[in-house]
Structures are given as structure tokens and as C-alpha cells.
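User: I am new to this structure and would like to go through a few of its residues and helices. Please show it before we start.

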Amino acid sequence: MINGSIVAIITPMSRDGSVDFASLEQLVEFHIDQGTDAIVAVGTTGESATLPIPEHLEVVKQVIQFANGRLPIIGGNGANATAEAVELTKALEKLGVDGMLGVTPYYNKPSPKGLIAHYQAVAAATDVPQILYNVPGRTAVDMLPATIAELAPVSNIIGVKEATGDVSRVATLRALCGDEFKLYSGDDGTAKEFLLAGGDGVISVANNIVPKAFKAMIDAALSGNRELANEFDAPLRGLYTELFLEANPIPVKWAAHQMGLIADGEIRLPLTELSSEFHGLLLEAMKQAQIEVK
């Protein structure tokens, strides 16, 4: 299964609000060239919440075609309605994704019983590997390790993206879910420590703009080389903060546009482009990370 450096890829958009597929192809080629291990297409960083299902599926389809088998593609299948998540899951399977990433239902605040029933229903709709996604800062529900452990025995639920920033959960989840269950960090700032504690990979926002350096950090951490991981991680630490000056993916899309990776930094309402007061802070963090701005 997929380990290592995984990008939660942004969805480039033109000024008229349409998806910019030319820039999307450029991004996919960029990540293949830089050594990224896998791509998550139309996850939450890809603005899944504001892409209607047909558009959502078209973006994933195009990413699969652009990648052309050169690296695995994971499709976002999260929704706050279980029926919608099941619909997405069935459609993504037909597109040929290598895995799916499903965020916990947001706003609803389901109980552990509801979370278990939701993910069981989604997993039952497909044979494709499923990755759970716990990001309570955005969804208002924390999927606790005990709940994840209830889902781990489901044959095609193969891991979890854990974005609480609580590194202690690595040991807890490993003990509850076993060595084969994949543990992915979803918090860039604690990703290094997550991997050194026994994690398997990172599904990252910062990876959108520093994939080569981020992969070097991840590879060092996965090998247990703390000193080398620290060396690669240090220049990126400013990004881990400044890429969240406003709601993700506002800052990372602005940064990608400054780098010339995408033609525009457009983003779907109700999100808006990065406030000018934050431009200097993000540019300084990019400079520290040795990112060239065009």
C-alpha cells in the first residue's frame, strides 16, 4: 500500500471560477518530477466542499489520466451525508482510483456509533481501499482511537489520516489497530515527529509547493534518521504556520500562483483570495524554504 509523501493537491481555478485543467496537468507533472509518492485528488484541500459531484468526478478523472499510472491516485469520497459519500465512492471506483480518502461527516457531529455506521456503509459500497480522515478542527467531530479501532477490521479500511496534531495517537492507534493499519499524518507541523513515532506517511498541504524537500524530510524520518529529518524540516517550518494564516487552501493556492505552478490563485466562494496583509509573511516563509517566486 501507499506510504511516504502524499500531496493533498489543490484544484486550480480560472478567474471565471471554472477548473483550470491545463494548470492541473502542470501540477501533476510537477509532482511526478519532484518524486511525490501519491496524489489525493479533490480531498478537502482540493475544495471538495464546493465542487458539485459531476465536477468533482471530472477533476479526479483528469488527474488519473494526467498521471497515466505513474503514481497512485487517491480520490476524495468524503461527505456529510452518508448517501452522498456512497454515491461518490461508487463513481470513483468506476474511474479507477487506487484508494479513497473520506473525511468525517462535517457539521452533523455524529456520535462514535454514527461514525462507525457511516464508514461501514461507505466501505461496503466498494472493494477499493479506504482511508479514514480525522480533522476535528474543520469538522467539529473527533474520531477517537477507540472508534477507529472498531473500523480497522473492515477488510478495505486500510488506514487513517490523523490531523489532530497529537503525536501520542500514533502509539495508541498502532496498539489498537495493528502493524498493518496505515497511519498517515494530516498535520504538516507535527508530521516529522508523527513519522519518527511510527507513522507510515503524510498527506500534506505544504507538499503542494515544496514536494522535493518535503519528501526528503519524510524519507529521512521513515528511515529513523532524526538528525537528517530535522535538517530537511527546519527550512519548512515557517510554511507549516503561514500556509494556515487563513483557511486552507487559501494561502497555498496563492503561493502556488506566485511560483507559476498555476495560472491563477482563484478559489471558490465562500472562501476568498489571501488578504494582502498576509502576503509578506507567506513570502518570507517561502524564501526561508528556498522557493523561487516568479
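Analyst: Thr45 has a relative accessibility of 2%. Buried means under 20% relative accessible area, exposed over 50% and partly exposed in between, with a 1.4 Å probe and protein chains only. Thr45 therefore counts as buried. This is a predicted model, in which local features need pLDDT of at least 70, side-chain atom pairs count only at pLDDT 80 or more, and totals for chains, interfaces and linings use all residues. Residues are numbered from 1 along each chain as its sequence is written, and side-chain values use heavy atoms, with hydrogens and water left out.

User: Which side chain does the side chain of Thr45 join in a polar contact?

Analyst: Thr45 sits in the loop between β2 (38-41) and α2; helices (H or I, at least four residues) and strands (E, at least two) are DSSP runs, numbered from the N terminus. A polar contact is a pair of N or O atoms within 3.5 Å; within protein, one must be able to donate a hydrogen and the other to accept it, and residues adjacent in sequence count only if both atoms are side-chain atoms. At 2.9 Å, the partner of the Thr45 side chain is that of Asn248.

User: Is Ser5 buried or exposed?

Analyst: Ser5 belongs to strand β1 (residues 4-8). Leaving out residues up to four places away in sequence, Ser5 touches several residues, including Thr36, Val202 and Phe214, where contact means heavy atoms within 4.5 Å. Its relative accessible area is 0%, so Ser5 is buried.

User: Which residue's side chain makes a polar contact with the side chain of Asp142?

Analyst: Asp142 lies in the loop between α5 (136-139) and α6 (145-151). With 31% relative accessibility, Asp142 is partly exposed. Beyond four places away in sequence, Asp142 touches Asn134, Pro136, Thr164 and Arg169. The side-chain polar contact, at 2.7 Å, is with Arg169.

User: How are α2 and α3 oriented to each other, roughly parallel or roughly antiparallel?

Analyst: The axes of α2 (residues 53-67) and α3 (residues 82-95) come within 10 Å and cross at roughly 30°. Axes are lines fitted to C-alpha atoms, for helices over the stretch in contact, and angles run from 0 to 180 degrees between N-to-C directions. Angles under 35 degrees count as roughly parallel, over 145 as roughly antiparallel, 65 to 115 as roughly perpendicular and the rest as oblique. The angle therefore makes α2 and α3 roughly parallel.
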